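Dear colleague,

Please find below the sequence and structure that I am handing over to you. My account of what was found follows directly after them.

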Amino acid sequence: MEALANISLEWFRILAWALAIFFGVLVSLLVFFISDYKKYWDIIAASMMGLLSASFVFLLSNLAIAFYILANVTSPRWSVGKDPLMSPTEIQ
């Protein structure tokens with residue numbers, strides 16, 4: 001996990017979107033070129049499979065990022081330590 005030690009939260013957001021777009025386009029192209037007939041509904045089926053796979057990859061990548069952040073919650077990259085500390089009010 002040392003490879004992820006210098007990645008900020010903004011880069012994790014970009015990574016999740018990039019993975020989703022990449023796999024969505026890849027699955028769309030694979031489904032379209034593997035199908036025997038190049039009809040109108042094959043294009044629709046390929047785009048729907050691409051959207052479904054992109055949604056699934058986006059869900060899984062965000063879940064993996066959330067687990068990574070929770071496993072390393074004490075890292076100074078997250079909001080731990082940046083938020084002002086709350087102090088209790090005095091009761092008189």
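Predicted model: local features only at pLDDT ≥ 70, side-chain atom pairs only at ≥ 80, totals over all residues.

Leucine 29 is found in helix H1, where helices (H or I, at least four residues) and strands (E, at least two) are DSSP runs, numbered from the N terminus. Leucine 29 is partly exposed because its relative accessible area is 44%; buried means under 20% relative accessible area, exposed over 50%, and partly exposed in between (1.4 Å probe, protein chains only). The C-alpha atoms of leucine 29 and glycine 50 are separated by 8.2 Å, although these residues stand 21 apart along the chain.

Residues are numbered from 1 along each chain as its sequence is written, and side-chain values use heavy atoms, with hydrogens and water left out.

Overall composition

The chain contains 2 helices and 0 strands. Of its 92 residues, 20% count as buried. The accessible surface of the chain comes to about 7,700 Å², and 74% of this belongs to carbon and sulfur atoms; accessible areas come from the Shrake-Rupley method with a 1.4 Å probe, and for residues only the protein chains shown count as cover. Contact means heavy atoms within 4.5 Å. Among contacts between residues at least 6 apart in sequence, 60% join residues at least 24 apart.

The two helices

The expected span of a helix is 1.5 Å times one less than its number of residues. Helix H2 (residues 40-71) has 32 residues and reaches 47 Å between its first and last C-alpha, close to the expected 46 Å.

Which residues of H1 are buried? They are Phe12, Ala16, Ala20, Gly24 and Ser28, and what covers them includes H2.

Serine 61 counts as buried because its relative accessible area is 10%. Leaving aside its neighbours within four places in sequence, serine 61 is in contact with Ala16 and Leu19.

Tryptophan 17 is placed in helix H1. Is tryptophan 17 buried or exposed? Tryptophan 17 counts as exposed because its relative accessibility is 51%. The C-alpha atoms of tryptophan 17 and valine 57, which are 40 residues apart along the chain, are separated by 9.1 Å.

The loop

Lysine 38 lies in the loop between H1 and H2. With a relative accessibility of 43%, lysine 38 counts as partly exposed. Apart from its neighbours within four places in sequence, lysine 38 is in contact with Phe32 and Phe33.

Surface and side-chain pairs

Leu15, Leu19, Phe22, Phe23, Leu26, Leu30 and Ile34 make a nonpolar surface patch of about 620 Å². Patches are made of residues with over 30% relative accessible area and no salt bridge: like charges are joined within 9 Å, and nonpolar side chains (Val, Leu, Ile, Met, Phe, Trp, Tyr) within 5 Å. Leucine 26, one of the patch residues, is placed in helix H1 and is partly exposed, with a relative accessible area of 35%. Phenylalanine 23 is also partly exposed, at 32%.

There are 4 aromatic pairs. Phenylalanine 22 and phenylalanine 23 form an edge-to-face aromatic pair, 5.3 Å centre to centre and with 80° between the planes. Rings of Phe, Tyr and Trp (its six-membered ring) pair if their centres lie within 6.5 Å; planes under 30 degrees apart count as stacked, over 60 as edge-to-face and the rest as tilted.

The count of salt bridges comes to 1, a salt bridge being a side-chain nitrogen of Lys or Arg within 4 Å of a carboxyl oxygen of Asp or Glu. Side chains of opposite charge can pair when their charged atoms come close. Here the side chains of glutamate 10 and arginine 13 meet at 3.2 Å, N to O. Being 3 residues apart in helix H1, glutamate 10 and arginine 13 are separated by about one helical turn. Glutamate 10 is partly exposed at 46% relative accessibility, and arginine 13 is partly exposed at 47%.

Yours sincerely
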